[in-house]
Amino acid sequence: MLYRSQAIHKVMQLATKVAALDCPVLITGESGTGKELVARRIHEASPRRSAPFLPINAAAIPDELVESQLFGHVAGAFSGARQARLGAFRSACGGTLLLDEIGDVPLHVQPKLLRAMEASEVVPVGRDTPEPIDVRFLTATSRDLHAMVEQGHFRRDLLYRINAVEIHIPPLRERPEDILLLAEAFAEKYARQMQRACPVLAPEVREVLLEHPWYGNVRELAHVMEYALLVSDSDRIRLDDLPCELNGVDRAPAELDGLNEAVARFRCNYIRKVLALTRGNRQEAARRLRISEATLFRHIERCGLKGYALPHGHKDSQIRE
Ligand SMILES: Nc1ncnc2c1ncn2[C@@H]1O[C@H](COP(=O)(O)OP(=O)(O)OP(=O)(O)O)[C@@H](O)[C@H]1O
Ligand SMILES: [Mg+2]
């Protein structure tokens with residue numbers, strides 16, 4: 001975890017402090033701020049460090065499968081369940097389970113989650129006897145769970161149970177002192193991968209990076225730097241090496257843009273525009289793009305566009321451009 005800001009310094013201090021305790025920790029922050037990194041840090045500084053760290057993303061699991069992916073199932077529990085499944089809680093045995101996007105856990109599964117935490121046991125789907133579990137339970141969310149409680153989308157008792165300790169990671173735009181440090185680190189990383197010398201950032205590029213709102217936070221910055229390294233062919237990254245949403249000009253095709261890069265860039269930009277058009281509504285965006293929601297979800301992840309999409313199943317409109 002790279003940082004220069006006091007804010008992240010405090011986050012890391014708190015993470016190290018709570019690592020020793022076995023309590024649940026809720027990590028909050030916008031998409032791409034580094035919630036999973038902080039969770040890993042807690043695991044690695046904890047007595048459970050030699051056991052597994054298992055991240056699982058509730059937003060990526062279809063509603064009807066959440067229960068079995070968390071708690072497991074017996075063979076034949078439902079159609080399609082040919083083999084028994086251990087489930088995340090038992091797979092992370094002795095270690096740490098990170099349940100990412102906990103706000104996306106369907107309401108009917110939430111009581112089971114609470115019970116797993118309170119009694120340290122789970123009941124696999126298709127069974128009626130509980131199985132003991134031994135995991136440290138970390139959760140993360142980019143949503144406002146308190147507001148979800150008020151709207152009846154999240155159980156209050158579960159929220160109180162998971163947020164014994166809350167670690168909030170501020171968005172990148174609120175800690176500009178981290179932006180250039182991270183940009184240079186990513187430039188170095190991708191230059192090494194591409195086996196070329198690491199280019200420097202032109203002053204006007206630094207300025208643009210500092211002013212961009214970074215709704216996709218560190219993940220978006222990583223993508224921008226990877227793109228810049230693909231496009232630039234000199235020892236200096238210039239404005240027109242940046243994706244067009246950052247440099248404000250629709251570039252003529254650069255000689256160095258391979259077809260795959262050009263298509264990938266177009267795809268990400270197009271999806272971003274459609275998400276803006278649908279005010280972040282993924283279902284609607286998927287329909288307009290004529291792709292499945294699962295496919296859209298993968299593109300959103302790959303393009304670092306989570307900040308432009310409303311969380312799964314969220315129907316309210318909320319403009320963010
Ligand atoms: N301070 C940092 N230093 C280095 N890399 C970082 C930092 N913060 C985030 N990253 C990188 O940015 C990417 C996104 O981080 P991470 O997956 O932890 O975010 P997240 O908050 O869990 O996002 P999401 O809400 O999308 O799940 C990862 O590749 C991570 O390694
Ligand atoms: Mg994450």
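This is a predicted model: local features need pLDDT of at least 70, side-chain atom pairs count only at pLDDT 80 or more; totals for chains, interfaces and linings use all residues.
**Exercise 1. How many residues of domain 1 are in contact with how many residues of domain 2?**

Residues are numbered from 1 along each chain as its sequence is written, with chains lettered from A and ligands numbered from 1 in the order in which they are written.

Step 1. Take the bounds: domain 1 is 6-170, domain 2 is 173-257 and domain 3 is 270-321. They come from an automatic or database domain assignment.

Step 2. Apply the contact rule: C-beta atoms, placed from the backbone, lie within 7 Å.

Step 3. Eight residues of domain 1 touch eight of domain 2. The domain 1 side has three nonpolar, four polar and one charged. Nonpolar covers Ala, Val, Leu, Ile, Met, Phe, Trp, Tyr, Cys and Pro; charged covers Asp, Glu, Lys and Arg; the others, Gly among them, are polar.

**Exercise 2. Locate ligand 1 relative to domain 1 and domain 2.**

Step 1. Collect residues whose C-beta atom, placed from the backbone, lies within 6 Å of the ligand. There are 18 around ligand 1. The closest are Leu2, Gly34, Lys35, Glu36 and Val218.

Step 2. Sort the shell by class: seven nonpolar, six polar and five charged.

Step 3. Helices are DSSP runs (H or I, at least four residues), numbered from the N terminus. H2 (35-44) and H10 (217-231) each supply at least two shell residues.

Step 4. Domain 1 and domain 2 both contribute to the shell, so ligand 1 lies between them.

How values were computed:
Two residues are in contact if their C-beta atoms, placed from the backbone, lie within 7 Å.
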